[in-house]
Amino acid sequence: MDGSLVPVVATGCEDFMARFRRRKVVLVAGGAGFVGSHLCETLISEGHSVVCLDNLQTGRIQNISALQAHPQFRFIEQDILDRLNWQGPLDEIYNLACPASPPLYQRDPIHTFRTCTEGVLNLLGLAKATGARILQASTSEVYGDPEITLQHEGYRGCVNTVGPRACYDEGKRAAETLFWEFGTHMGVEVRIARIFNTYGPRMSPEDGRVVSNFIVQALTGADITIYGDGMQTRSFCYVDDLVAGLKALMASETSDPVNLGNPGEFTMRELADMVLRQTDSRSRLVQCPLPVDDPRQRRPDISRAAARLGWAPTVALEEGIARTIRHFAGELQVSDPCEALLHHV
């Protein structure tokens, strides 16, 4: 990178320089993804210079299309496994560069694990070289199939190291260890966010996670697939709330892992009923075998985030689902969500 995001300022432009000093240069790895694109958009709206790095394995150009003409935004198509050539200042790095849904991260499990280890080492090396503060988008999957009802950051988890989800679960656990080592022994300012289920606009219809699956199935009149008996639970955080949490964590002085999620807990059947009701869909509920190592329960303890960040989610699931349905109706080129059903009856 040639440092072109940093403007040349004439001597004596003191007001401009004062404003520029408040502007950060931020690298968002995985910035064309679902969460990353929302984060890029927010940082740009706050006046920062943003470099979005993404290999487009699961990220989508359309997610950042509105930003590409902005003078303070730059997109680089690159895998974090490749050497990062950076010139110029860098204040913050957000690492969101890893597929997050089981069908996608299991597609190439070796690459997934390498992204969480070798790729993370590349970004930590960049943070050390530039003095940037770096945030790792970790996951509730580090808790595995939990044996306690509220998962707090001190819980060490129940994870299968040799199952189909291990490439992601153990990869993210290894990434946290690398962050801890660089923070403890190399002086890098590290932040670790353990993200629970997040949903909202810009999820891909092929994402494979439960919210997008249910909504797309309901809008197209397909059967809604419930795995197992549908009584397993999840806690769903709207993407705007998560982005606010990520920014609050980056700005904080806490290097310990912090849960970010919505503690509201819903069964898969409750979520399916909500989606059916909001889309007025005639899709049927169909039970399928439960995937291997699928967690039975997820609910975050967010007391650390509340105490240290002053953060809590604000968007209720009913409202967030309504916004997400509107997004998918547009993604599927349907002006009225119920209109999609007419083509599948």
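This is a short tour of a predicted model, one selection at a time.

**Before you start**

Residues are numbered from 1 along each chain as its sequence is written, and side-chain values use heavy atoms, with hydrogens and water left out. Because the model is predicted, local features need pLDDT of at least 70 and side-chain atom pairs count only at pLDDT 80 or more, while totals for chains, interfaces and linings use all residues.

**Stop 1: colour by confidence**

Colour the chain by pLDDT, the predictor's confidence in each residue, from 0 to 100. The protein averages 90, and 90% of the residues score at least 70. Now select residues 1-21, where pLDDT stays under 50. The model has 23 contacts for them beyond four places in sequence; a contact means heavy atoms within 4.5 Å. Residues 335-345 also stay under 50, with 19 such contacts. Where pLDDT is low, the predicted coordinates should not be read in detail.

**Stop 2: the annotated span**

Select residues 27-323. An unreviewed UniProt entry annotates them as "domain: NAD(P)-binding". Such annotations may be inferred rather than shown by experiment, and their positions are given in the numbering used here, with feature names shortened. The span is 38% helix and 17% strand, and its end C-alpha atoms lie 28 Å apart. Helices (H or I, at least four residues) and strands (E, at least two) are DSSP runs, numbered from the N terminus.

**Stop 3: helix H11**

Go to residues 317-331, helix H11. Its 15 residues should span 21 Å at 1.5 Å a residue, and the end C-alpha atoms are 20 Å apart, which agrees. The expected span is 1.5 Å times one less than the number of residues.

Next, pick out the buried residues of H11, including Leu317, Ile321, Ile325 and Phe328. Buried means under 20% relative accessible area, exposed over 50%, and partly exposed in between (1.4 Å probe, protein chains only). What do the buried residues of H11 pack against? Show strands S7 (198-199), S10 (237-238) and S12 (266-267), then helices H7 (210-220) and H9 (268-279). Just after H11, stop at Gln333, which takes a positive phi of about 60°.

**Stop 4**

Move to Arg202, in the loop between S7 and H7. Arg202 is not a glycine, yet has a positive phi of about 85°. Arg202 is buried, at 17% relative accessible area. Glu41 is partly exposed, at 33%. A salt bridge here is a side-chain nitrogen of Lys or Arg within 4 Å of a carboxyl oxygen of Asp or Glu. The whole structure has 20 of them.

**Stop 5**

Select Glu141 and Arg165. Their closest N and O atoms are 2.9 Å apart. Both residues are buried. Then show Arg133, Glu189, Arg191 and Glu253, which are linked in a network of salt bridges. Within it, Glu189 and Arg191 meet at 3.6 Å, N to O. Is Glu189 buried or partly exposed? Glu189 is partly exposed, with 36% relative accessible area, while Arg191 is buried at 3%.

**Stop 6: two loop residues**

Select Thr254, in the loop between helix H8 (239-251) and strand S11 (257-260). Thr254 is buried at 7% relative accessibility. Leaving out residues up to four places away in sequence, Thr254 touches Val190, Arg191, Leu249, Arg308 and Leu309.

Finish at Leu56, between strand S2 (49-54) and helix H3 (61-64). Leu56 has a positive phi of about 65° although it is not a glycine. At 25% relative accessibility, Leu56 is partly exposed.
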